[in-house]
Structure formats: C-alpha cells, structure tokens
Amino acid sequence: MRRLRIDDEVVVLAGKDRGRTGNVVRFVGGNRVVVGNVNMVRKHLRATQPGARQGIFSQEAALHMSNVAIFNPNTEKPDKVGIREEDGEKIRFFRSTGERIDA
C-alpha cells in the first residue's frame with residue numbers, strides 16, 4: 001500500500017519550491033510523484049510534423065516522494081503517514097494525531 005495516493009494534498013519539503021502545496025497528479029516510476037503546479041520546468045518542443053505543437057511550454061516535473069509530505073488539515077502542517085490494520089483492512093493515518101486519513 002502506498003503512503004500517498006492521487007489527489008492527496010502534499011507539501012514540498014525540499015528544493016526550489018519548498019513550502020508550496022499541491023495535489024498529487026500522478027506517480028512516475030516507483031518512487032517519484034508529480035504535484036500539480038509545483039516544480040514547473042520549461043520544455044522546448046520542435047514540430048516534427050506540419051501542424052504539430054511547437055514552442056516553449058511549462059510543465060510539472062516529478063519530485064522524489066521523500067521530498068513531499070501529506071498535509072494534515074487539523075494541525076495545518078505536513079505530517080508523516082502510518083499504515084495499520086483495522087478490521088482486516090489496511091488504513092492510512094496521520095502519525096502525529098493517529099487520525100484516519102481516508103474517513
């Protein structure tokens with residue numbers, strides 16, 4: 001079970017966008033995550049066919065999962081995620097308060 005899921009609100013802990021928040025858009029590989037409107041890079045595209053898209057575009061680049069933490073709305077701070085088993089199913093919880101994330 002992953003500690004993060006798509007649409008989780010996360011806080012960036014390291015890098016040029018430290019402190020910014022956003023939602024998880026997708027996972028890249030096993031340990032990288034793309035966060036919406038965070039870690040924006042400029043991509044240069046050349047048209048390979050007539051009418052194809054070309055120019056300089058901004059897009060989100062992947063961050064390592066260790067550089068983001070889930071946002072706890074009760075404490076309004078980043079938090080660690082724990083996994084425990086309740087009633088035969090695995091659940092995610094905030095480590096600082098012990099509350100369930102997926103209620």
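**View 1. Six strands joined in an open sheet.** In this predicted model, six strands make up an open sheet with antiparallel pairing, and their order across the sheet is E6-E3-E2-E1-E7-E8. Strand E6 (63-64) and strand E8 (77-79) are the edge strands, each of them pairing on one side only. Strands here (E, at least two residues), like helices (H or I, at least four residues), are DSSP runs that are numbered from the N terminus, and two strands pair if DSSP finds at least two bridges between them. Residues are numbered from 1 along each chain as its sequence is written. Because the model is predicted, local features need pLDDT of at least 70 and side-chain atom pairs count only at pLDDT 80 or more, whereas totals for chains, interfaces and linings use all residues, and side-chain values use heavy atoms, with hydrogens and water left out.

**View 2. The pairing of strands E2 and E3.** Four bridges connect strand E2 (residues 21-28) with strand E3 (residues 32-35), and the two strands pair in the antiparallel sense. Within this view, Arg 26 stands opposite Val 34, which belongs to E3.

**View 3. Asn 39 in the loop between E3 and E4.** Asn 39, found in the loop that runs between E3 and E4, has a relative accessibility of 13% and therefore counts as buried; buried means under 20% relative accessible area, exposed means over 50%, and partly exposed lies in between, as judged with a 1.4 Å probe and protein chains only. A polar atom of the Asn 39 side chain lies 3.4 Å from the backbone oxygen of Ala 62. When neighbours within four places in sequence are left aside, the residues in contact with Asn 39 are Lys 16, Asp 17, Gln 59, Glu 60, Ala 61, Ala 62 and Leu 63, where contact means heavy atoms within 4.5 Å.

**View 4. Arg 46 in the loop between E4 and E5.** Arg 46 has its place in the loop between strand E4 (40-45) and strand E5 (55-60), and with a relative accessible area of 73% this residue is exposed. Apart from neighbours within four places in sequence, Arg 46 is in contact with Arg 53 and Gln 54. Ile 56 is ten residues away from Arg 46 along the chain, and the C-alpha atoms of these two residues are separated by 8.9 Å.

**View 5. The salt bridge between Arg 84 and Glu 86.** A search of the whole structure finds six salt bridges, each being a side-chain nitrogen of Lys or Arg within 4 Å of a carboxyl oxygen of Asp or Glu. One of them is formed by Arg 84 with Glu 86, whose closest N and O atoms are 3.1 Å apart. Arg 84 counts as partly exposed at 29% relative accessibility, and Glu 86 likewise counts as partly exposed, at 27%.

**View 6. Salt bridges around Arg 92.** Asp 8 forms a salt bridge with Arg 92, and the closest N and O atoms of the pair are 2.8 Å apart. Asp 8 lies in the segment before strand E1 (9-12) while Arg 92 lies in strand E10 (residues 89-94), so this pair ties together parts that are 84 residues apart in sequence. Both Asp 8 and Arg 92 are buried. Asp 102 also forms a salt bridge with Arg 92, here with the closest N and O atoms 3.0 Å apart; because Asp 102 lies in the segment after E10 and Arg 92 in strand E10, the parts tied together are ten residues apart in sequence. Asp 102 is partly exposed, with a relative accessible area of 30%, whereas Arg 92 is buried, with a value of 1%. Through salt bridges that share partners, Arg 5, Asp 8, Arg 92 and Asp 102 are joined into one network.

Key: A polar contact is a pair of N or O atoms within 3.5 Å; within protein, one must be able to donate a hydrogen and the other to accept it, and residues adjacent in sequence count only if both atoms are side-chain atoms.
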